[in-house]
Amino acid sequence: MKTLFTLFVFMSFNKGFCTETHDQVLSITPTTQDQVDVVRNVSTQHETALWQPASPEFIRAETDVHLFVPATSSQVVSELLLRHNVTHEVLLDNANELIEMQTKNDSTDPRSSSTFYERYHSLEDIYDWINRTTQDNPSRVKAVLIGSSFEKRPLYALKLSVNTRSNKKAMWIDCGIHAREWISPAFCLWFVQNFLSFYGRNQDVTNILDNMDVYVLPVLNPDGYHFTWTTNRMWRKNRSFSRSSSCVGVDLNRNFDANWCTEGASHNPCSEIYCGAFPESEPETEAVANFLRSHKNSIQLYLSIHSYSQMLLFPFSCTTEQAENHDDLLEIAKEAAQKIQRHYRNHYKYGAGAKTIYLAPGGSDDWAYNLGIKYSFTFELQDRGRYGFLLPPSHISKACNEALIAVKTIAMKVIEKTPASSAA
């Protein structure tokens with residue numbers, strides 16, 4: 001396993017004292033517009049990675065900012081914040097240890113260890129898991145090749161189906177659209193394993209699979225995900241490039257044709273929210289869109305899994321206008337959040353994306369909704385910033401179980417509310 005973000009330890013001598021600096025995550029709270037400008041400058045002009053919000057233009061006064069600061073930038077960033085009296089604290093003092101903990105993996109075979117699903121796995125391990133899962137469950141699981149990535153990696157969706165009943169409904173779940181959100185692919189693996197294991201034993205799982213086929217895309221952004229394991233743990237976008245810029249990558253969740261590249265996205269290829277050259281310019285986005293278009297008569301529920309911030313979001317994110325069935329979506333999201341609170345004592349916000357977070361045009365959930373999939377949701381999994389994208393493996397189980405109970409709650413409501421589908 002290659003080491004990510006090589007540990008930088010700098011010894012700074014000041015008045016006889018020796019201070020070690022490591023990669024850190026800071027929580028910063030600007031209180032004035034001048035301080036907002038300082039924080040924006042820090043996040044763009046220095047070697048840092050903005051965790052929250054997704055892009056500097058979303059930084060506002062009196063709103064927490066989470067910033068990953070490598071050891072190489074630690075001193076200059078701290079001095080700038082102190083010089084301008086910007087309130088900040090260290091959330092994670094040694095991010096390197098968490099990265100090492102996330103990538104430590106003693107077993108790649110789910111049949112050899114009960115804790116396989118409580119670890120993070122490389123892209124190669126996930127491909128192996130897909131092969132084994134289809135081989136071990138030939139009557140219930142089929143791998144569907146829906147396309148390939150910019151770097152020609154296959155995009156495999158698993159189809160879970162337990163019967164050939166005509167006019168069955170279906171739901172779609174995708175994970176890993178943003179490369180650094182490792183808990184997302186971990187959930188897709190967890191979900192598949194849970195549904196295969198508990199069909200016939202758990203009432204909700206059985207009812208869902210009896211009435212729905214389920215398509216699960218474990219890693220929508222395989223190039224970016226692979227890059228986070230080998231080179232840059234904080235990478236967000238895919239790995240496409242163009243002749244017009246030296247900057248790499250498109251934010252795939254700004255590349256769908258839903259108010260594409262309006263406020264909340266960027267035409268700048270160097271931006272973390274770069275929308276691409278045109279809608280569906282990226283092979284990953286196009287592959288998902290084509291698959292959903294060809295199955296739009298059967299797919300009644302769309303779910304996209306992200307992290308972090310603990311939210312259950314629904315359309316619209318691309319506009320502040322309300323969705324046609326806003327009240328219905330709100331009721332379902334509220335019930336799912338209440339189930340999480342009741343069973344796991346954890347709080348999830350819920351609501352329309354644009355009003356709950358900020359405008360985010362070109363998102364997959366809005367596009368799916370406009371396609372006709374009127375039950376469309378985005379989950380933001382654990383946590384709220386304590387660990388952020390570096391959620392320790394010990395938290396995987398609880399994070400996935402929270403998401404699982406929300407998925408089951410929503411799927412059961414959709415089965416209840418939607419008529420039988422036409423053949424896809």
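Reader: Which are α5 and α6 to each other, roughly parallel or roughly perpendicular?

Author: This is a predicted model, in which local features need pLDDT of at least 70 and side-chain atom pairs pLDDT 80 or more, while totals for chains, interfaces and linings use all residues. Residues are numbered from 1 along each chain, and side-chain values use heavy atoms, without hydrogens and water. The axes (lines fitted to C-alpha atoms over the stretch in contact, with angles from 0 to 180 degrees between N-to-C directions) of α5, residues 183–198, and α6, residues 203–211, come within 9 Å and cross at roughly 95°. Angles of 65 to 115 degrees count as roughly perpendicular, and α5 and α6 are therefore roughly perpendicular.

Reader: How many helices and strands does the protein have?

Author: Both are DSSP runs numbered from the N terminus: helices are H or I of at least four residues, strands E of at least two. The protein has 12 helices and 14 strands.

Reader: What share of the 424 residues is buried?

Author: Buried means under 20% relative accessible area, with a 1.4 Å probe and protein chains only. Of the 424 residues in the protein, the buried ones make up 60%.

Methods
Angles under 35 degrees count as roughly parallel, over 145 as roughly antiparallel, 65 to 115 as roughly perpendicular and the rest as oblique. Buried means under 20% relative accessible area, exposed over 50%, partly exposed in between (1.4 Å probe, protein chains only).
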